Amino acid sequence: MPNAGTLNFLEVCAGAGGLALGLEHAGFTPVGLVENDAASLETLRKNRPSWPLIQEDLKDFDPVQHPAVFDVDLLSAGTPRVKSTATINRRSDEDERDLVAAALYLVGAVKPRAVLIENVPGLVDNDEYSKVRGEIEDELRHLGFRLFTAVLNACDFGVPQERRHGFFVALREPCADAFSWPRPVDSAAPTVGEVLHRTMTARGWEHASAWASRAQRLAPTLVGGSDRRGGPDLGPTRAKKIWAEMGINGGTVADEVPEAGAPWDLDGDVKNLPALTVSQAALLQGFPASWQIAGRKTRSYRQVGQAVPPPLAAAVGRCIAAALAASSPGGS
């Protein structure tokens with residue numbers, strides 16, 4: 001059971017820690033983070049050595065072996081992106097749905113007071129995901145929760161990126177009566193140029209200011225991609241075109257920012273434009289500059305692209321924390 005005055009959580013599919021970091025900012029302390037990817041685990045160790053990590057596949061995780069996870073305040077799950085029924089074309093695409101099912105099984109086993117599941121927006125609002133969505137809703141209601149769903153855009157919470165996430169929040173009574181979704185922040189999110197200008201000057205690139213003036217817009221959604229396919233890039237063709245308009249080669253990820261003397265020719269070959277580094281991509285996801293991403297370039301970029309932006313996670317987490325506190329002794 002949690003200590004008086006604290007909120008704790010168990011997270012599964014923790015990845016690079018975006019969801020967990022946001023929940024930490026919202027006042028939660030982890031009792032366990034379940035992850036089986038070695039590079040992601042190293043990222044978590046580098047940044048939060050005190051966090052209790054559990055290196056295990058979610059489908060093999062047995063809470064009986066980890067008694068601290070029972071009766072937590074919150075179970076959070078940023079499971080891999082579920083495919084719609086229209087796009088599933090191979091057995092491996094079913095793995096994502098299996099992980100959602102495993103997370104739901106864990107809800108029944110550990111008996112949290114609240115549940116947070118994050119995934120693609122279509123899982124919340126698209127008919128092509130209705131089967132999986134129905135399974136989530138039916139199981140959480142069967143377990144005694146009241147369910148809330150929403151699609152939130154990270155740019156409404158200070159993240160310099162157009163990025164929509166689907167959320168399921170489930171709360172037991174009477175906590176559910178006090179829950180509401182976060183409202184967008186009052187100020188506009190910063191632009192790509194504002195966030196990355198300083199990093200573009202790090203090696204003396206003479207065009208950094210001109211580039212930043214060109215990049216006065218939000219980033220398109222960073223796409224981590226599947227671990228089973230391809231190398232790192234900044235997303236589909238439409239996104240790459242937007243990056244090119246900002247003076248960035250979106251077809252790859254760089255090892256370093258541009259050095260002094262590096263060209264910047266918007267009328268030339270897009271492959272000669274500078275590319276973003278993994279650390280720059282992390283800034284566009286709302287990670288703090290101090291957050292270190294471990295692993296080789298492809299693996300580290302995918303951790304970033306697959307993450308929940310911490311400011312968005314924090315906004316949702318604060319709403320869950322407020323609902324839990326309102327139903328506790330002494331709560332308002």
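How many of the residues of helix H10 (residues 297-305) are buried? The answer is 7 of 9, so the helix is mostly covered, where buried means under 20% relative accessible area, exposed over 50% and partly exposed in between (1.4 Å probe, protein chains only). Helices (H or I, at least four residues) and strands (E, at least two) are DSSP runs, numbered from the N terminus.

This is a predicted model, in which local features need pLDDT of at least 70 and side-chain atom pairs count only at pLDDT 80 or more, while totals for chains, interfaces and linings use all residues. Residues are numbered from 1 along each chain as its sequence is written, and side-chain values use heavy atoms, with hydrogens and water left out.

**Helix H10 and Asn47**

The buried residues of H10 are Arg299, Ser300, Tyr301, Arg302, Gln303, Val304 and Gly305. Their cover includes H2 and helix H9 (278-284); contact here means heavy atoms within 4.5 Å.

Helix H2 comprises residues 38-47, and Asn47 lies in it. With a relative accessibility of 10%, Asn47 counts as buried. A polar atom of the Asn47 side chain lies 2.6 Å from the backbone oxygen of Thr43. A polar contact is a pair of N or O atoms within 3.5 Å; within protein, one must be able to donate a hydrogen and the other to accept it, and residues adjacent in sequence count only if both atoms are side-chain atoms. Leaving aside neighbours within four places in sequence, Asn47 is in contact with Ser290, Trp291 and Gln292.

**Helix H3 and its partners**

Helix H3 (residues 95-110) packs with helix H5 (residues 130-142) at an angle of about 5 degrees, and the two axes are 10 Å apart. That makes H3 roughly parallel to H5. Angles under 35 degrees count as roughly parallel, over 145 as roughly antiparallel, 65 to 115 as roughly perpendicular and the rest as oblique. Axes are lines fitted to C-alpha atoms, for helices over the stretch in contact, and angles run from 0 to 180 degrees between N-to-C directions.

On the H3 side, the contact is made by Arg97, Val100, Leu104 and Val107; on the H5 side, by Val132, Glu135, Ile136, Glu139 and Leu140. The residues of this contact divide into 6 nonpolar, no polar and 3 charged. Ala, Val, Leu, Ile, Met, Phe, Trp, Tyr, Cys and Pro count as nonpolar, Asp, Glu, Lys and Arg as charged, and the others, Gly among them, as polar. An α-helix has 3.6 residues a turn, so residues three or four places apart point the same way.

The end C-alpha atoms of H3 are 22 Å apart, which agrees with the 22 Å that its 16 residues should span at 1.5 Å a residue. The expected span is 1.5 Å times one less than the number of residues.

Buried residues in H3 are Glu96, Leu99, Val100, Ala102, Ala103, Leu104, Leu106, Val107 and Val110. They pack against strand E1 (7-12), strand E4 (74-77), strand E5 (114-119) and H5. One of the buried residues, Ala102, has a relative accessibility of 15%. Not counting residues up to four places away in sequence, Ala102 touches Leu58 and Lys59.

**Loop residues**

Leu143 is found in the loop between H5 and strand E6 (146-153).

Lys111 follows H3 and is found in the loop between H3 and E5. Lys111 is not a glycine, yet has a positive phi of about 55 degrees. At 48% relative accessibility, Lys111 counts as partly exposed. Asp71, in the loop between strand E3 (53-55) and E4, has a positive phi near 60 degrees and is likewise a residue other than glycine. Asp71 is partly exposed, with a relative accessible area of 34%. The loop between E3 and E4 also holds Val64, which counts as exposed at 57% relative accessibility.

Glu173 and Pro174 are joined by a cis peptide bond, with omega about 0 degrees. Pro174 is found in the loop between strand E7 (164-171) and helix H6 (192-200).

**C-alpha separations**

| Pair | Apart along the chain | C-alpha separation |
|---|---|---|
| Ala102 and Asp60 | 42 residues | 8.9 Å |
| Val64 and Val110 | 46 residues | 9.0 Å |
| Leu143 and Arg296 | 153 residues | 41 Å |
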